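Subject: Structure for your review

Dear colleague,

Please find below the structure I am handing over to you, together with its sequence. My notes on what was found in it follow directly after.

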Amino acid sequence: MAIEVKLQVFEGPLDLLLHLIEKNKVDIYDIPIAEITEQYMEYIRQMEEGDMNVMSEFLLMAATLLDIKCRMLLPREVNEEGEEEDPRAELVQKLLEYKAYKYMSYELRDMQVDALKVFYKPPTIPEEVLKFREPVNYDELLADLTLTRLNEIFRNCLKRQEDKVDPVRSHFGRIEKDEVNIDAKANYVAGYIRSHKRMNFRELLEKQKSRMDVIVTFLVVLELMKTGVVSVEQESIEDDIIITAREIPEDGLEFHGLTSLGDAVGENEDIDREENQ
């Protein structure tokens, strides 16, 4: 008949190692690695099949113990300071940290248990007492106050107000959208070119009031060039651009493809706003 053995449940391999050390009453700084490893492996063999993730942690620690046991049989390695390195040092450090956190958790658990035994009485202070404020004695408050001290306080207040002002954002202005009537501008340019026949492009631009007016005027001239209504010439890159009118109808420019300027002007308005920002 098989004998059932009920194993104690441990939270992890470090918890099991700490239990074995305390059970054998050995010094944690001088662990008898062979004895502890043998007891640890015995526990692993008695464990039932369970979660593989949990089992893998115990098996990894078993491999670590076997590795330490093998290194204990070999000559000790010497560090840069000429001292022999203990293969158990890293494991001891982990056990000490785990032990500290474990006993801290016990302290927190005890504090929680004690807190559950405490009952608090809600405050029953009268409302008149809660609203009471001790009167201010202005004579005592202003006893050591002088004009020099008042001036210092006033300057400190002004300085705090100045520090709140962003030196960059405070100079920002409001960007207003330039409203340009495409049809009116196109008719104006057409009338100007019709009356002058031959003109300097710079003169036409100088008569515009805003950047958006300049952009729309430039687009109108481009459309007139595209439709063959005007011709443009420039002898060299540094010379002025000369516009010569060929044929502009009296009924305006709507039949010459200028009604599609709205989309182009909208795009240029976005560009203009970005440059102003």
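The count of salt bridges comes to 10. Please bear in mind throughout that this is a predicted model.

Salt bridges

Several of these contacts can be described individually. Lys131 pairs with Glu127 in a salt bridge whose closest N and O atoms are 2.9 Å apart. These two residues are four apart in helix H5 (residues 127–131), so about one helical turn separates them. Both Lys131 and Glu127 are exposed.

The salt bridge between the side chains of Arg202 and Asp240 has an N to O distance of 3.4 Å. Arg202 belongs to helix H9 (residues 201–206), whereas Asp240 sits in the loop between strand S2 (230–233) and strand S3 (242–245); the pair therefore ties together parts that are 38 residues apart in sequence. Arg202 is partly exposed, its relative accessible area being 49%, and Asp240 likewise counts as partly exposed at 31%.

Arg109 forms a salt bridge with Asp110, and here the closest N and O atoms are 3.9 Å apart. The relative accessible area of Arg109 is 46%, which makes this residue partly exposed; Asp110, with 38%, is partly exposed as well. Finally, a network of salt bridges links Asp30, Asp86 and Arg88.

Aromatic pairs

The count of aromatic pairs comes to three. One of them is formed by Tyr103 and Tyr106 in an edge-to-face arrangement, with 5.5 Å from centre to centre and 90° between the planes. Both residues lie in helix H4 (residues 89–116), three residues apart, which is about one turn of the helix. Tyr103 is partly exposed at 39% relative accessible area, and Tyr106 is partly exposed at 30%.

Tyr188 and Tyr192 form another aromatic pair, in this case tilted, with 6.2 Å centre to centre and 35° between the planes. They are four residues apart in helix H8 (residues 182–196), and are thus separated by about one helical turn. Tyr188 counts as partly exposed at 35% relative accessibility, while Tyr192, at 10%, counts as buried.

Nonpolar surface patch

Which residues form a nonpolar patch on the surface? The patch is made up of Val136, Tyr138, Leu141, Leu142, Leu145, Leu147, Leu150 and Ile153, which together have about 810 Å² of accessible area. Helix H6 (138–141) and helix H7 (147–163) each supply at least two of its residues, and H7 gives the most, with three. Tyr138 is located in helix H6 and is exposed, with a relative accessible area of 56%.

Helix H10

Helix H10 (residues 211–227) has 17 residues; at 1.5 Å a residue it should span 24 Å, and its end C-alpha atoms are 25 Å apart, which agrees. The buried residues in H10 are Met212, Asp213, Ile215, Val216, Thr217, Leu219, Val220, Val221, Glu223 and Leu224. Just after this helix, Gly228 takes a positive phi of about 85°.

With kind regards

Conventions
Residues are numbered from 1 along each chain as its sequence is written. This is a predicted model: local features need pLDDT of at least 70, side-chain atom pairs count only at pLDDT 80 or more; totals for chains, interfaces and linings use all residues. Side-chain values use heavy atoms; hydrogens and water are left out. The expected span of a helix is 1.5 Å times one less than its number of residues. Buried means under 20% relative accessible area, exposed over 50%, partly exposed in between (1.4 Å probe, protein chains only). A salt bridge is a side-chain nitrogen of Lys or Arg within 4 Å of a carboxyl oxygen of Asp or Glu. Patches are made of residues with over 30% relative accessible area and no salt bridge: like charges are joined within 9 Å, nonpolar side chains (Val, Leu, Ile, Met, Phe, Trp, Tyr) within 5 Å. Accessible areas come from the Shrake-Rupley method with a 1.4 Å probe; for residues, only the protein chains shown count as cover. Rings of Phe, Tyr and Trp (its six-membered ring) pair if their centres lie within 6.5 Å; planes under 30 degrees apart count as stacked, over 60 as edge-to-face and the rest as tilted.
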